[in-house]
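Dear colleague,

Please find below the structure that I am handing over to you. My notes on its salt bridges follow.

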Amino acid sequence: ITKSQSMSDDMRRLLMTHLVKGDNLYRIKEMILSPTLRVRNFSFDVEPLGEHVVEEVTQKIPEMSAPDMHTAIEITNWKEYQPKTDVNVGCKTVMESLTRLPSLIHLTLDFSSCSGFDDEGWKGVGHLVNHFSNILTNLHLNFSLASSITDRGLYFLGDVIRKCSNLTHLTLNFAEMYYNISDTGVGEITRGLSSLSQLILLRLNFTWCYQLTDRCVENIVNGIQQCGSTLTRLSLFVW
């Protein structure tokens with residue numbers, strides 16, 4: 001983030017890393033209030049910022065994005081959102097704010113170990129992804145150890161993915177979901193892969209998902225085979 005359009009991305013990331021630590025948080029608001037500030041890539045961690053700052057900052061992000069910018073958003077460490085019982089409400093608030101962006105091509109969300117995020121949380125995430133489904137090219141979602149997600153959430157995710165026909169990079173991590181998800185839920189995701197004809201990179205992680213059977217693995221492989229000839233990078237973990 002910078003007022004200078006000539007500043008490099010590396011310098012912008014370095015500046016942002018410095019600003020989100022300790023007593024420097026107030027400087028974020030000062031920068032946001034600047035009418036000349038423009039953002040292309042925005043990445044932040046829920047833990048050092050706190051949930052209220054996250055919600056306030058994301059409400060301002062659309063105002064910092066120029067109409068001709070293709071924006072990338074990354075929000076990590078949702079497990080630190082407090083109180084944990086309100087993470088679904090907070091997620092919905094953040095996602096609704098981001099729908100006001102002029103464009104969104106890259107979205108990364110890390111809900112790993114976030115026990116408060118459940119199937120209801122999909123309403124916020126799904127609303128954002130659906131809003132930009134025609135232009136989104138990179139989608140990376142981490143739900144490892146998010147113990148409240150069930151097949152119902154995966155069914156919704158499969159429907160959302162099916163609409164993102166321009167995706168070139170997709171990462172879905174459901175590691176260590178244990179007994180929460182089954183062949184039925186994963187089957188909805190694999191059916192969604194059939195519409196991703198431009199996919200280049202695909203990462204799927206279903207390790208330590210005890211209810212998945214050999215039939216589920218076959219369905220995953222069949223879904224991957226329908227992705228098309230553009231797929232050149234594949235990581236698949238199931239055991």
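Is Lys 163 buried, partly exposed or exposed? Lys 163 is partly exposed, its relative accessible area being 40%; buried means under 20%, exposed over 50%, and partly exposed in between, for a 1.4 Å probe and protein chains only.

Please note that this is a predicted model, in which local features need pLDDT of at least 70 and side-chain atom pairs count only at pLDDT 80 or more, while totals for chains, interfaces and linings use all residues. Residues are numbered from 1 along each chain as its sequence is written, and side-chain values use heavy atoms, with hydrogens and water left out.

Five salt bridges were found in the whole structure (a side-chain nitrogen of Lys or Arg within 4 Å of a carboxyl oxygen of Asp or Glu). One of them joins Lys 163 to Asp 159, at 3.6 Å from N to O. Asp 159 is partly exposed as well, with a relative accessible area of 30%.

Glu 120 takes part in a salt bridge with Lys 123, at 2.8 Å from N to O, and in another with Arg 152, where the closest N and O atoms are 3.3 Å apart. Through these shared partners, Glu 120, Lys 123 and Arg 152 form one network. Glu 120 is partly exposed, at 35% relative accessible area.

Yours sincerely
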